[in-house]
Amino acid sequence: MNRSKKLSSLTLVWLVALSLLLGACGGEATATPAATTSAPTTVAAVTTAAPTTAATQAVATTTVAQAVATTTVAQAATGTATAAVKTSTTAFAPPPPNLSAQWVKDGVCYEVFVRSFFDSNGDGKGDIPGLISKLDYLNDGDPHSNKSLGVNCLWLMPITASPSYHGYDTTDYFKVNPDYGTNDDFKKLVVEAHKRGIQIITDLVLNHTSKDHPWFKEAMANPQSPYRNYYIFSPTDPGYRGADGQKVWFKNPAGNDYYYAQFGADLPDLNYRNPAVTKDMEEVTRFWLQDMGVDGFRLDAVKHLIEDGQKQVDTPETHDWLRDFEKFTNSVKPANFTIGEVFTPTSLRNFYPDQLNEYFEFSLASSLIANANNGRSSFVGLVKDANNNWPAQRYGSFLSNHDQTRVMSRLSGDTAKMKMAATAYLTLPGLPFIYYGEEIGMQGTKDLNGQGDIPQRTPLQWTADPSNAGFSTGTPWTRISSESKGVSVQDQDANPDSLLNLYRKLVQLRRTNPALSEGDFQPLSGSSSVASYLRHFGDSDILVLINMSDEAVTDLKLSVDSSSLAPGTYTPGELLTVNTAKGTYAPLTVKEGGAITDYAPLASLPAHTAYILNLKK
């Protein structure tokens, strides 16, 4: 059922009756383990009263719709729901039209925590005017510039009103966090970013609200409120835990019942079995796409959207909801882009091909960092699998993000290893995301001294000033990173061999060479410590060689049974070398079918060096 369509009261009554009849007749139900304590039920009374809070753009629901929602929520909590779940049998297909945008094909994105990027008014908190003033650092509009990173996409962590420093608990989806500025400030950011060829995607937190959201305040206090069914309540504690063994049921401080919250008591889950919730969140989505001008969204925690009793992640209903959501966003703004967070050790296959445009490849990020540390190149196999399994290279690549220890800390501050990891993911398939400060080697260890996620979210270090790092004229909202002493944009800007200038070169190279941004991917066999692969697109062919180890490799011979290269002899030319001077490269002979046998490109590859070579016949 399309959740955005209104059903007539008569149809809804018929559906309620039918579901009750199926239940009485032992209709097929989703099997889940039984709860160890009393089954939760929703105690909201059926009502036609309009919402009484000031919650922005809330939608009142009808008596029958409330009855359906109440029945569904109660069934969901007990794990006995007989919800109508669509089963997709769609095979992998070409990417949807909105992925044809060139900015996605040759894109490089940059993740920004606005609170920690740049403070424009001296209050110690980064803000949107500060971000605007630093846009030229990210992209000055000149595709050949060597003074900007050259990214063409910004992902902003949550920017809506919130009581927390991180913003993942929203109190008003239609208002920019006052710490960051105003809605008009954001609109100006979009305009200025677009002038420079930068697209803006924002975090969209759909799974939960803040406990201080007006919807939840009324839901807690008034069992008869329409907002009661915006969340999941139980008269008793069901007793089961979350997917990670965490507590998920919490006592209602305004009543004698319990509510469900996957990510802690402050973040109560929304109930997407209630069509009114979907309708309201579609209005939020429409507002940001149309009124505020964003180009898309990063969707937080999408595998948790709809629970089915004790099956709390990756349910069929979640996938159906995402399919409908993607159709909705495309109807509002066909050129929008969506990427989801699915942090899981299991396959992403269930999330393709007809849901969000892309998802982050967490396993690849872990492998890249592990290989940079252990001097191996097994990540190449993961890339081959991902590039084959996920259609049209539809995945996001990265090294670390706001939820993780920074990559430089995981590499023990070793700049040589960091350069190899950066060279790898910025020359691989997928849409790369750079976490702010990564480009200068900032460090930050998650939960350092019991600080939770703050150590990896400290202010960007514009200068070496130990008190404020050039981030603010006042006192920063949190201390400058104690792990990143001596690291700054200012110092690295003037050093041609710095990590920052390597990032600038890699981003420019990727964005100006279609073979790197959207070409096919063919790994070569050779050495376990050397990542070697071909990228091909049109008449462009590139060979990448990365010695991940701390020892020189002198006997490298590359082979592959087939590739996209046409038969003939190719002359390698340098596009970029990393940690090494220019080399002398042997001609490459390619046989029928693109086969390569025992090609020795260099006499020696020094430790922690990389070569990006253009192949010309």
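1. Is C109 buried or exposed? C109 is buried, with a relative accessible area of 0%; buried denotes under 20% relative accessible area, exposed over 50%, and partly exposed the range in between, with a 1.4 Å probe and protein chains only. C153 is likewise buried, at a relative accessible area of 0%.

2. The model is predicted, so local features need pLDDT of at least 70 and side-chain atom pairs count only at pLDDT 80 or more, whereas totals for chains, interfaces and linings use all residues. Residues are numbered from 1 along each chain as its sequence is written, and side-chain values use heavy atoms, with hydrogens and water left out.

3. The protein chain contains 16 helices and 21 strands, taken as DSSP runs numbered from the N terminus (helices H or I, at least four residues; strands E, at least two). Of its 617 residues, 56% are buried. Among contacts (heavy atoms within 4.5 Å) between residues at least 6 apart in sequence, 70% join residues at least 24 apart.

4. One disulfide is found in a search of the whole structure, a disulfide being a pair of cysteine sulfur atoms within 2.5 Å. C109 is joined to C153, with an S to S distance of 2.3 Å. The link is right-handed, with 95° about the S-S bond. C109 lies in strand β1 (residues 109-112) and C153 in strand β2 (residues 153-156); the pair, 44 residues apart, links distant parts of the chain.

5. Helices α10 (residues 362-374) and α13 (residues 415-425) pack at about 140°, their axes 9 Å apart. Axes are lines fitted to C-alpha atoms, for helices over the stretch in contact, and angles run from 0 to 180 degrees between N-to-C directions. The two helices are therefore oblique to each other (under 35 degrees is roughly parallel, over 145 roughly antiparallel, 65 to 115 roughly perpendicular, the rest oblique). The crossing of α10 past α13 is right-handed, that is, the near helix is turned clockwise from the far one by less than a right angle. L368, A372 and N373 of α10 make the contact with K417, A421, A424 and Y425 of α13. These residues comprise five nonpolar, one polar and one charged (nonpolar: Ala, Val, Leu, Ile, Met, Phe, Trp, Tyr, Cys and Pro; charged: Asp, Glu, Lys and Arg; polar: the others, Gly among them).

6. Helices α8 (residues 275-291) and α9 (residues 316-332) pack at about 35°, with axes 10 Å apart. Here too the crossing is right-handed. From α8, T278, E282, T285, R286, L289 and Q290 meet W321, F325, F328, T329 and V332 of α9. The contact divides into five nonpolar, four polar and two charged residues.
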